[in-house]
Amino acid sequence: MHAALALARRGLGSTWPNPSVGCVIVCDGVVVGRGHTAPAGRPHAEPQALAMAGGKARGATAYVTLEPCCFHGRTPPCTDALIAAGIGRVVVATRDPDQRVNGAGIARLRAAGIEVIEGLLQPEADAMAEGLIARITRARPHVTLKLASTLDGRIATRAGESQWITGPDARRAAHALRGRSDAVLVGIGTAVADDPDLTCRLPGFKAVPMVRVVADSHLRLPLTTRLVRDAATSPTWIIARKDSDRRRREALEGLGVAVLPVAGDSAGVDIAAGLTLLAERGITRLLVEGGAALAAALLRADLVDRIVWFHAPAVMGGDGLPAAKAWGLAALDDMPRFRRVRAIEVGDDMMTELERD
């Protein structure tokens, strides 16, 4: 199952709207087939592993990180493929929360006389499927907030200079985060100030184009930015207010940008509604890269599942721009709290991963 999880990890960020699943088939103690979900979600892991195993799949054991599907979608049911191949036993790490599956896949396998064992390395498998779980159970993607700051939590000088607070190793690690995400989200301030392209620039790392998303309440994104110019090859979506300028929207859409209308609020857009629209479009794993107002809005609404904090061994001072904009917090008990799960050196910087308590 560890090998199946490693295979599933290869597909993170490339299989949406499907989860990335790994499958390993073992016959008489020898691995005879392996597969993981292909880019764009098909073919699934099980048919690929079965094709590699061929006739050796009969009577063998299949280790699968997620319960095999049992309905006709863009591909036939994986349960039917396992049954037809004569698999003798299936070991499932975790159940699929999709209401079309969620135990029904396991029941179909057992009804066909196949032994099924559940729960092997389930916590690791749940972490692998966290995007799918968030999309189905919370109607939004799993949200990772990436911060790159000084030790005192500053992301730019008072003049707006931010490139580069952290070093090249940290920036490569940040690109790997993009590669394992379905989409990356920034606020309009960051999009205008930095003119980023928001792609994964690690050669060969990401199999499908990065979806770039901008929270831009009044459609202020200039038509000359890279996010607009490259929209035909790397999708650009904008979360905007429903009452934003119609002509501006038509101009952006004419250049290949998708505008997702949501209600407005005091912070600009209803960011929770925006995340729901992203989930409806198939996004399961969302990386948020800034800026301070967007980070504060997500934290205030309790929409951040994980923080990845790159911190440089430097101090900027109180007049620098903070990582999260002030939102009027009055009591310590109201602070969103996270628990540290990992801290490692990345060149001269540190990378700390934290998850919501």
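Surface patches are taken here as groups of residues with over 30% relative accessible area and no salt bridge, in which like charges are joined within 9 Å and nonpolar side chains (Val, Leu, Ile, Met, Phe, Trp, Tyr) within 5 Å; a salt bridge is a side-chain nitrogen of Lys or Arg within 4 Å of a carboxyl oxygen of Asp or Glu. The structure is a predicted model, in which local features need pLDDT of at least 70 and side-chain atom pairs count only at pLDDT 80 or more, whereas totals for chains, interfaces and linings use all residues. Residues are numbered from 1 along each chain as its sequence is written, and side-chain values use heavy atoms, with hydrogens and water left out.

A nonpolar patch on the surface is formed by Leu329, Leu332 and Met335, which together have about 270 Å² of accessible area (Shrake-Rupley method, 1.4 Å probe, with only the protein chains shown counting as cover for residues). Leu332 lies in the loop between strand 14 (321–322) and strand 15 (338–346), where helices (H or I, at least four residues) and strands (E, at least two) are DSSP runs numbered from the N terminus. With a relative accessibility of 60%, Leu332 counts as exposed (buried is under 20% relative accessible area, exposed over 50%, partly exposed in between; 1.4 Å probe, protein chains only).

The loop between strand 2 (30–36) and helix 2 (45–53) contains Thr37, which is buried at a relative accessible area of 2%.

Most residues other than glycine have a negative phi, and most peptide bonds are trans. A further cis peptide bond runs from Gly290 to Gly291, with omega near 10°, and Gly291 lies in the loop between strand 12 (285–290) and helix 12 (292–300).

The structure holds 0 disulfides (pairs of cysteine sulfur atoms within 2.5 Å). Cys69 is in no disulfide, the nearest cysteine sulfur, that of Cys78, being 3.7 Å away; Cys69 is buried, with a relative accessible area of 10%.
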